[in-house]
Structures are given as C-alpha cells and as structure tokens.
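Take a first walk through this model.

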Amino acid sequence: MSSRRPRSWQSSSASRITDEQINDLVSKLQAVLPEARIRRSDRVSAAKVLQETCNYIRSLHREVDDLSERLSELLASTESSSAQAAVIRSLLM
Amino acid sequence: MQVAEAFKHAFLKQMLLGFQASVVSPKSMGFQERKSAIKLSADVAMAVARGTRKWTRGLIAGLSKEHQNRSFLQLILGEQYERLMKPCHSSWKIPRCKKIVRRSLRVCCRRKKKKNQVGVLARTLVAKRTQELKILVPGGESMDGFSLLDETLDYVVSLRAQADLMQSLLTTIEASKLRSHSKGTLPERKASYVGN
C-alpha cells in the first residue's frame, strides 16, 4: 500500500526541510518585528523570536480592533457617500 | 518586508464594497454593529487582497462559521465566495504527514544521531513554541511546523499593512470632513487662497 504513495509526497516531510530553511524563516520573522521588541541587529534564539511574534500578532489584532472603533465613530457623523468618496481618494493616492 | 501596491489597491477596493454593503450610515446601524461590519470588511479585504494562502482560506472559513456573517460575506465577495469556500484539497494529507514527520524524525535521530542532534533539537523547540501560533494564525491548527512559520511571516506582513491602510483611511476621511466644514463656514477663505 505504502509503495503506491507517490515518492514526492512521502518525502515532503521534515527530512526534506533543512535547518537552513527554518533558520532563514526565523530570521525573516525577526526582521518584521518592530524595533522595540527585539534589537534586530542581534541574533536571538528561535524560541524568543516566536514568542515575540505571538506578542506582536496579538498587539496587531488590538490595533485593528481599535481602528475599527475609531472608524465606526467617525462614520457615525459622516454621510456614507463622502466616506466612500474618501476611500476612492485613497485609492487614487 | 512590504506588501505590494496591488495589495493596497485590492484592500481599499474591497473596503469600499464593504462600506457600500453594510450601508455604514448612522441611521441604519448602532455603534457596535457598524464596528463589527468594518472589522469584517477589513478582514475580508485583507484576505482577498493577499490571494490564495493557507491563512487566507483559514480566515474566510473562520469568518463564515459565524451564521450572521454569511450573507454579508456572500454580498461583498460575490462569485469569489464559492471559490474561497472550496475545501483545500490538500488538507486531508496534513494529519497523515504529521505521522510521517514523527517517524522520519525518529529515523533521523537513530541514523544520524551525532550529526543531526542540533537539527532535531531546533525542530523540537520550534514545535513547542508553535502551539500558540497555531491559535493566533488563521487555519494554523492544520499546519505543520514549517508551513506555520511560512504562513506566520506572510500573515504578520499582511496584518501590518491592514492596520496601516485602516489608519490612512481614517486620516483621509477626517481630512475630507475638515475640508467640507471649512468650505461651508468660511467662504472668504477661498478668495484669500486664490489671491496667494
């Protein structure tokens, strides 16, 4: 049965993914984290990067939630047509 | 790492559709309802702007699980809704892949114990820390360690862009309101501006 499984799928597991690839991803993640969290010049442990990434995602979720509130407040006192016009203006910028 | 210009355009276009669909006017919606509609529009806009990724599928799937979202989603996505809701054809492979991963890790351990000890350790560390990420990244529960990292990177970059674009929308709408106010109440301003 197992011999019928295509070879390419079977080997698409951890044995094909190198440490180099994982390290590359981790350093890319470190690079997108804001300066305040990790000094991007230092090499920090993968565990630390992942931990800070989780914190950053949570803070981004909060930021979007806050922005949704502020947009809601603003649109409460704005005609929908002018709000749409503003969006179109942003598109053209 | 930055999103493409195309992402920004697609995001704003989709936000516009969301605004139109939810008719975000004070007469028809309460504060919380409008906020939820805006947040939903923003998440859909981000997923649509990014295109096909594991996390975008996970996000749309998660959003449409909420019964009240479904009609709104169909409205703003149109025919894209069906395409995005199609189950990922490779998802059945992933749980089995985990068994293979574990088996090959054990084999790796036995065969190349000295050489690959650091490699296996790194992978274990990553595996432990990814539990939290699996909850935070949409669709993360069904991703293996490497995909999860890859999707996380993409998701973080997109989230950052989403927040930035929403902020610029806020600024633009505020600015246009100020302009319309000043035009209405101070007509002499126009003359002095032209004079200069």
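Predicted model: local features only at pLDDT ≥ 70, side-chain atom pairs only at ≥ 80, totals over all residues.

Residues are numbered from 1 along each chain as written, chains are lettered from A in the order written, and side-chain values use heavy atoms, without hydrogens and water.

Two packed helices are described by the angle between their axes and the distance between the axes. Helix 3 (residues 46–76) of chain A and helix 2 (residues 31–50) of chain B pack at about 125 degrees, with axes 8 Å apart. Helices here are DSSP runs (H or I) of at least four residues. Axes are lines fitted to C-alpha atoms over the stretch in contact, and angles run from 0 to 180 degrees between N-to-C directions.

Contact means heavy atoms within 4.5 Å. Residues making this helix contact include A:D65, A:L71, B:F31 and B:I38.

Now look inside. The largest nonpolar core has 66 residues. Such a core joins buried Ala, Val, Leu, Ile, Met, Phe, Trp, Tyr and Cys residues through side-chain atoms within 4.5 Å. B:F11 and B:L77 have the most contacts inside this core. Helix 8 of chain B gives the most to the core, with 14 residues.

B:D154 also lies in helix 8 (residues 145–185) of chain B. B:D154 counts as buried because its relative accessibility is 13% (buried is under 20% relative accessible area, with a 1.4 Å probe and protein chains only).

Terms used
Helix = DSSP H or I, 4+ residues; strand = E, 2+ residues; numbered from the N terminus. Buried < 20%, exposed > 50% of the residue type's maximum accessible area, 1.4 Å probe, protein only.
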